[in-house]
Amino acid sequence: MVEIWFALLCFTIVVFVVLDGWDIGAGALHLIVAKSQPERREVVAAIGPLWGWNEVWLLAAGGTFLMAFPTIMAAAFSGFYLALWLVLWSFVLRGISIEVGGHFPDRMWQTFWDFVFAVSNLLLAVLFGAALGNVIRGVPVDESGRFSMALFTDFTARGRVGILDWYTLSVAVFATSLLVAHGASYLRLKTMGPVHERSQRLARLFWLTTAALFPLVSIATWVVRPQLYQLMVVRPIAWFFVAVMMAGIWSLWTGFRRPAEMRAFIGSCAVIVGLLGAAGAGVFPEFLHSTLSPEHSLTAYGGAVSGRGLGVALVWWPVAAGLAAAYFVTVARQYAGKVRVSVDTQGFY
């Protein structure tokens, strides 16, 4: 039962990263891919119908985390308090910039909120990348099962570490490049004209950057936590996700060589699914590895609620997930195809 709930938690996180990842990536490119106010409205229109709904999967991940592993969630939220505060405000500013930015026909006002929109999305990409780096590297959990972290300490990846060090920053840079490439691939699929052409060039650039960074981050991960790869080698599910990632790379390659925008975008999604799925398979059963002493690590088995509670919750989880998926499919079909600013205003512009 613990394994099932760990898999469900990973599923909700992966779905959130894939769906909201293209919003974050497109938003981070907002001021680069769009040069004029109408073009910026086109970028917002491309993500407008679904940006808020995609965040529902983050709430689903939080609910799953609280339901199945409440003690680990309590330790993680208190330990990552500063980082969570930054994430929360980035989400708030992103929402305000989309909802407020176009309500007044003042160019200075709109430019200000366009800037806030781009910066908040870029900060979200960096923070989520740093969070992944912290999960892989570990945190300073002590014998009480708790930890606290400064923004940074001495930038080493061992002992009493901070949120940022050389390793977590490298993962943050890699994740930012990955999400920006994902967002550019989405804009290539959804836009036309100059925005489409710039999105295509930027998607190729950032996918090449991501490909160049991947072996460097992989080597850094081996240095920081070699056990991750040792566990992946002996777990078939990890090999499955590696195969998904390789299929995504092939789909990306062929999708950019030919005018196959949907194929490239599906490949982008598959790459993210493969990377996160393989990482999840490698870290299990540890949620938070202790950089102070391995026996202090917080594990899924040690932090799960009773088996009866997990069994009851398992009856309702598929119902909620099915409703969420059905709504997403309905809205996505309604807004399928290329966006047109004159039509797809989402009521804001």
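Reader: What span should helix α5 have, and how far apart are its end C-alpha atoms?

Author: The expected span of a helix is 1.5 Å times one less than its number of residues. Helix α5 covers residues 56-68, 13 residues, so it should span 18 Å. Its end C-alpha atoms are 18 Å apart, which agrees. Helices here are DSSP runs (H or I, at least four residues), numbered from the N terminus. This is a predicted model: local features need pLDDT of at least 70, side-chain atom pairs count only at pLDDT 80 or more, and totals for chains, interfaces and linings use all residues. Residues are numbered from 1 along each chain as its sequence is written, and side-chain values use heavy atoms, leaving out hydrogens and water.

Reader: Which residues of α5 are buried?

Author: Buried means under 20% relative accessible area, exposed over 50%, partly exposed in between (1.4 Å probe, protein chains only). In α5, Trp57, Ala61, Thr64, Phe65 and Ala68 are buried. Down the axis of α5 they fall within an arc of 100 degrees, so they line one face. The arc is taken over directions from the helix axis to the C-beta atoms. Exposed Leu59 and Leu66 sit on the face turned away from the buried side.

Reader: Is His30 buried or exposed?

Author: His30 belongs to helix α2, residues 30-33. His30 is buried, at 0% relative accessible area. Contact means heavy atoms within 4.5 Å. Beyond four places in sequence, His30 touches residues including Arg40, Asp114 and Phe117.

Terms used:
Helix = DSSP H or I, 4+ residues; strand = E, 2+ residues; numbered from the N terminus.
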